[in-house]
Amino acid sequence: MKDQHFFAASAMQWATTNETRDLPALLDLMNKDGYNYNLFSVPVPHTTDYEINMYQPQVPGTEWLGTFTVPKKKRRK
């Protein structure tokens, strides 16, 4: 089990990496949704329970990796 995971959140959804979804798959999922999103590195396994406040994981040591802007041509209509 990995001791960290990635967490992505937009105004419409959030998702994490897990046993079946790696980072490229997480980014594809968020890009297909069509909304800009933030990406975080969370220093605990994805199975850990933690608070999410204002679209951000509330775990000590969490790192914000950036905001990803989805091109308008990929956004939902």
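Select the lining of the largest pocket: the residues there divide into three nonpolar, five polar and four charged. In this classification Ala, Val, Leu, Ile, Met, Phe, Trp, Tyr, Cys and Pro are nonpolar, Asp, Glu, Lys and Arg are charged, and the others, Gly among them, are polar. The largest pocket holds about 220 Å³ of space. Of its 12 lining residues, K2, Q4, T17, N18 and E19 are the closest to the centre. A pocket is found on a 1 Å grid over the protein atoms alone, as an open set of points where a 1.4 Å probe fits, with protein on both sides within 12 Å along at least five of seven lines; lining residues have an atom within 4 Å of a point. Grid points are joined across faces, edges and corners, and the volume is the space filled by probe spheres set on the points.

The model is predicted: local features need pLDDT of at least 70 and side-chain atom pairs count only at pLDDT 80 or more, while totals for chains, interfaces and linings use all residues. Residues are numbered from 1 along each chain as its sequence is written, and side-chain values use heavy atoms, with hydrogens and water left out.

Select T17, in the loop between β2 (14-16) and α1. Helices (H or I, at least four residues) and strands (E, at least two) are DSSP runs, numbered from the N terminus. Is T17 buried or exposed? T17 counts as buried, because its relative accessibility is 9%; buried means under 20% relative accessible area, exposed over 50%, and partly exposed in between (1.4 Å probe, protein chains only).

Show polar atoms next. A polar atom of the T17 side chain lies 2.9 Å from the backbone nitrogen of F6. Neighbours within four places in sequence aside, T17 is in contact (heavy atoms within 4.5 Å) with H5, F6, D22, L23, L26 and H46.

**The nonpolar cores**

Now select F6, A8, A15, L26, M30, Y37, L39 and V70, the eight residues of the largest nonpolar core. Two or more residues of this core come from each of β1 (5-10), α1 (23-33) and β3. A second, separate core has six residues, including F7, F40, V44 and V59. A nonpolar core is a set of buried Ala, Val, Leu, Ile, Met, Phe, Trp, Tyr and Cys residues joined through side-chain atoms within 4.5 Å.

K32 is in helix α1. K32 counts as exposed because its relative accessibility is 68%.

Go to S41 in strand β3 (residues 37-42). With a relative accessible area of 16%, S41 is buried. The S41 side chain makes a polar contact with the side chain of Q4 at 3.3 Å. A polar contact is a pair of N or O atoms within 3.5 Å; within protein, one must be able to donate a hydrogen and the other to accept it, and residues adjacent in sequence count only if both atoms are side-chain atoms. Not counting residues up to four places away in sequence, S41 touches Q4, H5, F6, G61, T62, E63 and L65.

Follow that list to L65, in strand β6 (residues 63-68). L65 counts as partly exposed, at 41% relative accessibility. Its contacts beyond four places in sequence are F6, L39, F40 and S41. L65 and P24 lie 14 Å apart, C-alpha to C-alpha, and 41 residues apart in sequence.

**T62**

Where is T62? T62 sits in the loop between β5 and β6 and counts as partly exposed at 23% relative accessibility. The T62 side chain reaches the backbone oxygen of V59 at 2.8 Å. With neighbours within four places in sequence left aside, T62 is in contact with F40, S41, V42, P43 and P57.

Select M54, in the loop between β4 (52-53) and β5 (56-57). M54 is exposed, with a relative accessible area of 63%, and has a positive phi near 55°. Y55 lies in the loop between β4 and β5. The phi of Y55 is also positive, about 65°, although Y55 is not a glycine. Most residues other than glycine have a negative phi. Y55 counts as partly exposed at 47% relative accessibility.
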